[in-house]
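Visitor: Could you pick one part of this model and go over it closely with me? I'd also like some idea of what surrounds it.

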Amino acid sequence: MSKYNHVGATLAIAKASLRSILRSPSSVVFTLAFPLIFILVFGFIGGGGVKVDVGVAPGTDTANPIYKALEQTSIIKLHKGLDTPSLNQNLSKGSLDAVLQIRSNNYVKTGDGKMRLTSGNAPYTVNVNYTTSSAKGEIFKSIITNIKNEVNIKFMQQVLAGRSGGDADAAARAAAGFQMAEVRESTMTGRAYKTIDFILPGQLGFSLLSTGVFGTAFVFLSLRITLVIKRFFATPVKRASIVLGEALARICFSLIGALFIILIGHFAFGFTLVHGAVTVINMLILSVIGLIVFMGFGFTVSGIAKNESSVPPIANIITLPQFLLSGTFFSIDNFPAWLQPLSRILPLTYLNDAMRKVAFEGAGLGDVTHQLLVLLIWGVVIYTVAVKTFKWE
Amino acid sequence: MEKQPIISVKNLVKNYGDFQAVRDISFEVYEGEIFGLLGPNGAGKTTTLEIIETLRDKTSGEIIVDGFSVDTDAESIKQRIGVQLQAAGYYPNLNLSELIELFSGLYGISKKPLEMLEMVALTDKAKAKYKQLSGGQKQRFSIATTLINNPRIIFLDEPTTGLDPQARRNLWDLIIKIRDSGTTVVITTHYMDEAEVLCDRVAFVDGGKIVGIDTPDNFVDKLVASGFERKKEVKAATLEDVFIDLTGKEWRG
């Protein structure tokens with residue numbers, strides 16, 4: 001009799017398992033549809049990243065270049081039609097980040113034939129009220145400053161065209177000064193951090209968590225209860241082949257899912273991949289590491305659960321806190337101080353963290369060793385527990 | 001028939017804590033026969049079977065299957081036997097062809113799924129899921145999975161429980177065909193008419209012990225010779241014969 005082929009048996013299980021996963025609606029929903037829906041929602045709602053809500057005071061002149069430039073700035077949302085009391089109320093609550101008023105100053109021809117402004121020093125006066133309730137006023141401040149500079153440069157250039165001599169030199173020097181200001185401004189906008197850059201790694205992490213925990217727990221519990229594993233044991237297959245085959249299938253499925261999510265995020269919503277394909281490969285490697293740790297939870301749950309209906313409650317105890325507290329949707333820096341230590345225990349926090357560093361900051365795997373170390377510790381702990389709780393029959 | 005033992009069980013004991021499920025059982029199964037393990041529920045039939053199949057550890061005793069000891073050569077035994085478990089399911093979401101493919105991989109051999117399904121008349125169900133099959137089809141499919149590795153012996157644990165009379169007869173034909181092709185069959189059943197039709201020899205198990213082992217004919221003859229009489233007048237046919245007569249022998253689904 002020929003030597004029994006353990007690799008062949010492992011691959012046969014992996015193939016069967018992958019087929020089964022692809023036909024199982026719940027795994028496809030959790031791994032692909034669920035994260036994609038969140039990415040779509042955040043991709044469309046928060047496409048431009050941070051939104052600054054600015055109230056427009058009554059009587060504001062809207063036919064000037066400053067207002068038009070503000071309208072074209074995607075991260076600013078102008079709220080028109082509010083009266084002064086409600087503007088003030090919203091500003092004090094922080095639901096508006098700033099209130100804007102633009103007054104047009106009229107030119108009149110004076111006696112010596114020159115044009116003079118009736119009031120102020122510029123054709124337009126921009127009054128902005130900020131609020132201590134919102135930190136986003138700072139963003140608006142820098143935007144409005146930039147717009148003002150740009151408008152002034154255009155104005156200067158127009159003025160320049162009609163002048164000569166010393167006046168022209170002075171105006172040119174002034175214009176050059178504005179140009180320098182513009183350079184400084186461009187370094188500021190270069191750090192734009194899009195919502196998708198935050199949301200996508202979180203969703204990817206959550207997708208891996210659900211595939212790892214729910215998928216693994218359900219499959220091993222149901223294979224145990226329906227005696228599929230017992231029937232397997234009547235063949236020469238080794239236990240390691242069963243575990244490896246199942247793990248392999250889940251890793252393949254998750255890699256396909258992760259690649260899908262990353263590519264849709266990148267091409268449809270401009271998800272930042274600093275080093276292109278290298279970044280993608282790093283993210284996929286992180287996905288595999290994360291999935292292996294999460295599968296440890298899955299093995300443990302399948303051992304603890306008595307039947308299929310007790311899997312979701314136990315699995316949810318593991319996944320929900322991580323879903324909410326691991327920076328899937330919000331940066332954990334925004335959480336209250338007492339909650340942050342809890343967040344900093346959870347493995348998904350470190351996977352999300354590593355993913356974001358790799359994707360957005362262009363870090364290599366060598367730069368996220370701290371996160372990988374924490375994941376490794378979790379892996380050792382959870383597999384120790386899994387070995388003790390896992391049941392074959 | 002030349003009586004060549006292919007399975008020999010000597011002084012098998014299995015304890016679950018204080019409970020003695022199997023108490024010192026010894027018997028032999030001869031090559032090429034259909035051997036029946038009969039007895040009430042909880043008698044220890046399935047436990048005995050699973051120990052021979054290397055699925056369960058024994059407390060003590062010696063078991064040799066086709067020349068290999070369960071203690072030292074479990075893997076060689078697994079390669080030589082086919083096992084059908086009572087109430088076992090199959091990998092979810094796969095169709096019959098894919099399940100055969102999976103088992104071929106598990107046994108490390110390549111078999112054409114359609115050929116295996118043809119042996120049990122399920123080629124038209126190749127793309128169906130196991131869950132969608134009727135009771136008889138499920139059992140036939142289970143038997144097909146036991147034949148993938150060209151086993152020397154197959155073990156069938158209550159294969160006809162819950163089947164209608166047609167499906168039962170159909171399965172008998174299949175089992176006899178397998179025996180005739182040279183495979184030894186070990187079967188458990190609660191149906192004595194079935195054991196009488198199918199089994200070359202039977203062992204009665206009760207309370208973890210073998211209380212009798214012989215051919216069905218000899219058992220009946222001995223009982224009659226001891227002066228046994230049926231309470232009811234013996235008729236030339238049974239109600240099951242009526243069932244088959246009225247509903248036809250061809251089988252459905």
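Guide: Let's come in from the chain boundary, where 24 residues of chain A are in contact with 22 residues of chain B (contact being C-beta atoms, placed from the backbone, within 7 Å). At least two residues each on chain A's side come from α1 (6-23) and α8 (228-233), with helices (H or I, at least four residues) and strands (E, at least two) taken as DSSP runs numbered from the N terminus. The top contributor there is α1(A), with eight residues. Sorted by class, chain A's side holds 13 nonpolar, seven polar and four charged residues; nonpolar means Ala, Val, Leu, Ile, Met, Phe, Trp, Tyr, Cys and Pro, charged means Asp, Glu, Lys and Arg, and the others, Gly among them, are polar.

Two housekeeping notes. This is a predicted model, with pLDDT of at least 70 needed for local features and 80 or more for side-chain atom pairs, while totals for chains, interfaces and linings use all residues. Residues count from 1 along each chain as its sequence is written, and chains are lettered from A, ligands numbered from 1, in the order written.

Chain A as a whole has 14 helices and six strands. Of its 393 residues, 35% are buried, using C-beta atoms placed from the backbone: 20 or more others within 10 Å is buried, 12 or fewer is exposed, and in between is partly exposed.

The part I'd zoom in on is helix α11 of chain A, residues 311-325. Its 15 residues should span 21 Å at 1.5 Å a residue, and its end C-alpha atoms are 21 Å apart, so the two agree (the expected span is 1.5 Å times one less than the number of residues). There is a kink, though: about 35 degrees at Ile317(A), shortly before the proline Pro321(A). That bend is the angle between axes fitted to the seven residues ending there and the seven starting there.

The buried residues of α11(A) are Val311(A), Ala315(A), Ile318(A), Thr319(A), Gln322(A) and Leu325(A). They pack against α7, α10 (277-304), α12 (340-343) and α13 (347-360) of chain A. After α11(A) comes Gly327(A), with a positive phi near 75 degrees.

UniProt, in an unreviewed entry, lists "transmembrane region" for several stretches of chain A, including 204-227 and 313-332; its positions follow the numbering used here, feature names are shortened, and annotations may be inferred rather than shown by experiment. Residues 313-332 are 65% helix and 0% strand, with end C-alpha atoms 25 Å apart. For residues 204-227 the figures are 92% helix, 0% strand and 33 Å.

Finally, Leu227(A) sits in the loop between α7 and α8 of chain A. Most residues other than glycine have a negative phi. Leu227(A), however, has a positive phi near 65 degrees. It counts as partly exposed because it has 17 C-beta neighbours inside 10 Å.

Methods: Two residues are in contact if their C-beta atoms, placed from the backbone, lie within 7 Å.
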